[in-house]
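I opened the model and kept notes as I went.

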Amino acid sequence: MLRFVVRRLLLLVPILLGLSLLLFAWVRALPGGPAQALLGERATPDAVAEINRLYGFDQPVLQQYATYMGRVLQGDLGVSTTTRTPVTDELLRLFPATVELSLFALVIAVGLGVPLGYVAARRHLTWVDSSAVLASLLGVTIPVFFLGFILKYVFAVQLAVLPASGRQDPRLFTEHPTGFYVLDGFLVGRPDASWDAFLHLVLPAVALATIPLAIIARITRASVLDVVNEDYVRTADAKGLARRTITGRHVLRNALLPVVTVIGLQVGLLLSGAVLTETVFAFPGIGSFLVDAITNRDYAVVQGFILVIAVLIVVVNLLVDISYGLIDPRVRASTMAGGRA
């Protein structure tokens, strides 16, 4: 298993290098540039040239890329041309909000999606199954921003039971040692601040979790249906094993493998979907900042934020691959055999 992990880590190097090159080329292909975005349409050529010289945009593209990667390898993601602050500082300030929102959405998606899919499969061709399939179809088809506006209108405007925007009531200002507001409230002895931060997470997390929840439920249902028809499950049932034993030892354990794969893929969807969800709910994460960065052609911010998200997605997928061996001994044996070969 260790050899497998090392090989996967080495494989990440060309993947991330290729991704950084594509990202760098895409950002440079955007119409306009940072100087035009900063100075406006009436900027003089001399002023534009001065900005380009200041940030190194007047250098050949390959030289810019080499300089950029050299700094990235040293942990320097550059300086924002809009705020004049290091991109790393902006990431540390904004990214915990996006991660916290994505984690809550993931908990909702997995916590409801897996049981819903399992129950639908065990009640196959009944009204429970039909209702679950219909709900998952609705969840996949409703756009996140549309669902977000509906949730705000119903629960924040009409019922007034949940906040419509923001991350915390300003009157509950407290210290934030980690940037994760729900956790920070407990760390500084302010559970009321934690509860308020949690309430601010509910609506955006539900909106963000809807599509992953529906996908996880559908995959779980299909996977459980495949497994329950296997001979070893019917044999276990014929032996008179307890339903709980059959479910835990034979059905869920084998059905979870494709579900884990989907959950890993959904992490990327959650992080990218958070950009839109944060804009709808005025949630102060990387969403609105990244949108503004693209509008302002803020190369360093766009490259830095997307590169960090990509690294997180790649790492999560690596963890998913490792979890295969923990869930399914056949995968672990195959991996070890491949390593010896």
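What is the helix and strand content over residues 255-276, and how far apart are the end C-alpha atoms? I looked this up in the predicted model. I found 100% helix and 0% strand, with the end C-alpha atoms 32 Å apart.

I then turned to residues 101-121. That span is also 100% helix and 0% strand. Its end C-alpha atoms lie 30 Å apart.

I checked the UniProt record, an unreviewed entry.

Next, the whole chain. I counted 14 helices and zero strands. The C-alpha atoms fill a box of roughly 85 × 65 × 40 Å along the principal axes. Of the 341 residues, 43% count as buried. The accessible surface comes to about 18,300 Å², and 68% of that belongs to carbon and sulfur atoms.

Residues 24 or more positions apart account for 74% of them.

I have 27 positive and 23 negative ones, and their mean positions are 12 Å apart.

Last, Ser 136. I placed Ser 136 in helix α6, which covers residues 127-141. Is Ser 136 buried or exposed? Ser 136 counts as buried, because its relative accessible area is 4% and the cut-off is under 20%. Its side chain reaches the backbone oxygen of Val 133 at 2.7 Å. Leaving aside neighbours within four places in sequence, I noted Ser 136 in contact with Ala 214 and Arg 218.

Methods: Residues are numbered from 1 along each chain as its sequence is written. This is a predicted model: local features need pLDDT of at least 70, side-chain atom pairs count only at pLDDT 80 or more; totals for chains, interfaces and linings use all residues. Side-chain values use heavy atoms; hydrogens and water are left out. Helices (H or I, at least four residues) and strands (E, at least two) are DSSP runs, numbered from the N terminus. Buried means under 20% relative accessible area, exposed over 50%, partly exposed in between (1.4 Å probe, protein chains only). A polar contact is a pair of N or O atoms within 3.5 Å; within protein, one must be able to donate a hydrogen and the other to accept it, and residues adjacent in sequence count only if both atoms are side-chain atoms. Contact means heavy atoms within 4.5 Å. UniProt positions are given in the numbering used here, feature names are shortened, and annotations may be inferred rather than shown by experiment. Accessible areas come from the Shrake-Rupley method with a 1.4 Å probe; for residues, only the protein chains shown count as cover. Lys and Arg count as positive and Asp and Glu as negative; His and the chain ends are not counted. The place of a charge is taken as NZ of Lys, CZ of Arg, CG of Asp or CD of Glu.
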